Amino acid sequence: GLFVTDYFTRTPRKLSPFRSFASIELFHFHIPEDTVIAVWNLITFKEQGGTFGDQCPDRSITVYFRSGAPSVINPLHTHFPRDTAVPGSFALTLTWTLPNRTTGVFNVTSPLPGDWFLAAHLPKDEGKISVKVKGLGGTGLYEECQYLFQPQLIVQRLVNIAVLYPGYVTEQSMAPHNRSSLYKVFVPSYTSRVLVEVLRCRGTEGCPLWLRVRAKAPPLHNSTALDCREHTPCQLALDLPFWQHWYYVLVEKHPGVPGTVSFQVTVQLTDCSRPSLARPPFLPSSASMNMPHSFGSAGGLALGDSPPPASPNGTKDPVPIPTSSPTDERCWPVRPTLRNELDTFSVHFYIFFGPNVSVPPDRPAVFVINLLPVLDSGGVLNLELRLNVSSLCGENVTVFGCLNHEVPLTSGDNASVTCETESLSGFLLSVNATASLSRLRIPYPQTGSWYLSLRSLCSTEHGFEPCTNVTAEVYLRAYLSPCINDCGIYGQCKLLRTNNYLYAACECKAGWNGWGCTDNAEAFSYGFQLLSTLLLCLSNVMFVPPVAIAVRSHYLLEAAVYIFTMFFSTFYHACDQPGIVVFCIMEYDVLQFCDFLGSLMSVWVTVIAMARLQPVVLYLLGAMLLSMALQMDRHGLWNLLGPSLFALGIMAIAWTARTIRRRHCYPPTWKRWVFYLCPGALIAAAAVLLYAFVETEENYFYIHSIWHLLIAGSVGFLLPPRAKPSRRLGPLPRRKGCGYQLCVNEQEELGLVDPAVASINSICTS
């Protein structure tokens, strides 16, 4: 056949250590129909300070693959919430082959078409806080190693695959140099059986053919297969096929068979909505069969039209054949649900004449829930069954619910209920008089149609048997939510986005883990939460001595800034706690901004006061620049170092100028250096070292409290004493009036004489 190659790539993204699903990087791809091979090229490289990170350590990178929806991963092996179904996915770990770059390749033969999702992350961090988000903030004192991941996808797909029409025979001759022939047939809704048959097979060695069938994608070596040498007639039947999907038929020669092999292929579809009739041996229009636009040339035919022209790959004109006898299988009416969208990933599915539904004893009740492509796969599908015990009339009735994807699954045996076949697997729910409530949660469900089949059976000594004259009543609730139980009280449900794809995930706190923040193996106790909150809040009381010293030294502006810092730091940490011991007087963002601004302003005004500079313009300039810097990047390192170094530079210039003018060291006394400046500088340096190199997530509560104590204590040492008035009284400048020069007694201006008896020396005209 003719192959077409498509290429897709994504922008490199920085990977983060795994904490929860909110910390992973998600990549979304779309694989077209008729794809025979997909190759993912996984590129990973290191960066440090804008250059290649040759010195960065090698950290393993785990990549997850899943078709239809994002992977539900659990690398920390935490517990899932009750009644949660965990779909499977494939994981791959990348190893480093070069110092700063590595490439991995992942091949998928005959992948399922549609949406594919890749999730990647680094292993869990050791707990070091590399990006400061508490107190003063910062990004560390060294260049952080960054690990970037970029996936690329190359797909090869077949074009002009021959289409089989139900009820027609397609003739084919396979030349010696050909190994196989590929066909596809579309299976509409309400199809209970697909029968593929090879007829009139003629070769040098009998019928040396393999018949393989697979849904949605070309068959693989492990697909449903039949050896035509050993089976006569060569028929392959598939019960309960997927509705509204293509089925691919591969006719393959045995290896080493010489000569040309000729055969015929036909497909029979059993319509379960009309159990007395098979599908007619003519080709309906594409609208009546609900065929997609990719069906090709069959779209223009209507009832009674002539058969389509010859298909490619050497197939001859299809020939109609008489219908075979239908089976006894039949399907029951499918009741639709009404979709009500409330918000993103907040969708309720209402049942007409519900939510209470009646389950008769002689047949199942089938409902369909339609999830929109891409839009609904990033949430959680919730299903709840509640049995009305009073409707059982004293009978020992059990109602079974079977939830399957893309096809309803109802057991043919009235005495048993199963949600699994050789090719299908579903989710089983059951309610009875003793356990009247059953729930099911499916995180990141695959999109498309989900079918729920409800059936009532009576329990006897010999197992389950059909009930007589008992119609059970069940309350049915189906809805889509962003997270499981909104992540509980110890988690936050976050709405995340990757390009144009939205998904939701829980971010847990206070040591809780798991997909729904329900795993308490490492959870903080209430006493620990209360102790940590009190430590972080009450440690700000250490600012009371600096406030008293500032007021005593007439540094009223500095005292006001310290009070501002103490107030907002206390209530910010009371609001920033991860557990349930939380108290917020304002919005979190307002408290955080005021805490950061007060902390930086405290450093600024203290250093300016040490420089003995009084212009108010410096205080206003600092407040405006710090507000601007915090608005740009609240957690940046230079938001702390920049203003501090600038203020220290101003202080150094002022001290140097005074030293040169006075011709001796400033501050002039050794006691000031020994008992105040040196201890204050050492305490501040110890606080910075603790904050930058010792503080981790585990010891944050008491290390950051010590940071509060040390910073407030250093301010008490570094704040200079009150400036003494100068003993020399120089002449005051003359005050000028409008058109006159006022000659005023200088002693009266200095307050050295009584103004009542003071005499004016002279009044001089201008």
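Predicted model: local features only at pLDDT ≥ 70, side-chain atom pairs only at ≥ 80, totals over all residues.
**Exercise 1. Salt bridges across the sequence**

Find how many salt bridges the structure holds. Then work through the pairs R13 with E25, R179 with E252, and R477 with E384.

*Solution.* 
- Step 1. Start with the count. The structure holds 15 salt bridges.
- Step 2. Side chains of opposite charge can pair when their charged atoms come close.
- Step 3. Take R13 and E25. The closest N and O atoms of this salt bridge are 3.5 Å apart. R13 is in strand β2 (residues 13-14) and E25 in strand β3 (residues 25-31), so the pair ties together parts that are 12 residues apart in sequence. R13 is buried at 16% relative accessible area. E25 also counts as buried, at 19%.
- Step 4. Take R179 and E252. Their closest N and O atoms are 3.5 Å apart. R179 lies in the loop between β12 (168-174) and β13 (180-187), while E252 lies in strand β18 (residues 245-253), so this pair ties together parts that are 73 residues apart in sequence. R179 has 46% relative accessibility and counts as partly exposed.
- Step 5. Take R477 and E384. Here the closest N and O atoms are 4.0 Å apart. Strand β32 (residues 472-481) carries R477 and strand β26 (residues 380-387) carries E384, so the pair ties together parts that are 93 residues apart in sequence. R477 counts as partly exposed at 31%. E384 counts as buried at 8%.
- Step 6. Widen the view. E384, R386, R439 and R477 are linked in a network of salt bridges.

**Exercise 2. Helix packing**

Determine how α3 is oriented against α4 and against α1.

*Solution.* 
- Step 1. Get the geometry of α3 and α4. Helix α3 (residues 556-575) and helix α4 (residues 588-610) pack at about 150°, and their axes are 8 Å apart.
- Step 2. Apply the cut-off. Angles over 145 degrees count as roughly antiparallel. α3 and α4 are therefore roughly antiparallel to each other.
- Step 3. α3 passes α4 in a left-handed crossing.
- Step 4. Sort the contact by class. The contact of α3 with α4 has 14 nonpolar, 7 polar and 2 charged residues.
- Step 5. The axes of helix α1 (residues 526-538) and α3 come within 8 Å and cross at roughly 165°. So α1 is roughly antiparallel to α3. The crossing of α1 and α3 is right-handed.

**Exercise 3. Record against model**

*Solution.* 
- Step 1. An unreviewed UniProt entry places "transmembrane region" at several spans, including 555-574, 638-657 and 673-694.
- Step 2. Check residues 555-574. The span is 95% helix and 0% strand, with its end C-alpha atoms 29 Å apart.
- Step 3. Check residues 673-694. This span is 100% helix and 0% strand, and its end C-alpha atoms lie 28 Å apart.
- Step 4. The unreviewed UniProt entry puts "domain: EGF-like" at residues 506-517. Over residues 506-517 the chain is 0% helix and 25% strand, and the end C-alpha atoms are 7 Å apart.
- Step 5. L645 is in helix α6 (residues 638-662). L645 is partly exposed, with a relative accessible area of 49%. The C-alpha atoms of L645 and V607 are separated by 9.8 Å, with the residues 38 apart along the chain.

Key. Residues numbered from 1 in each chain as written. Heavy atoms only, no water. Axes fitted to C-alpha atoms, helices over the stretch in contact; angles between N-to-C directions. Helix = DSSP H or I, 4+ residues; strand = E, 2+ residues; numbered from the N terminus. Parallel < 35°, antiparallel > 145°, perpendicular 65-115°, else oblique. Left-handed = near helix turned anticlockwise from the far one by under 90°. Nonpolar A, V, L, I, M, F, W, Y, C, P; charged D, E, K, R; others polar. UniProt positions renumbered as here; feature names shortened; annotations may be inferred. Salt bridge = Lys/Arg side-chain N within 4 Å of Asp/Glu carboxyl O. Buried < 20%, exposed > 50% of the residue type's maximum accessible area, 1.4 Å probe, protein only.
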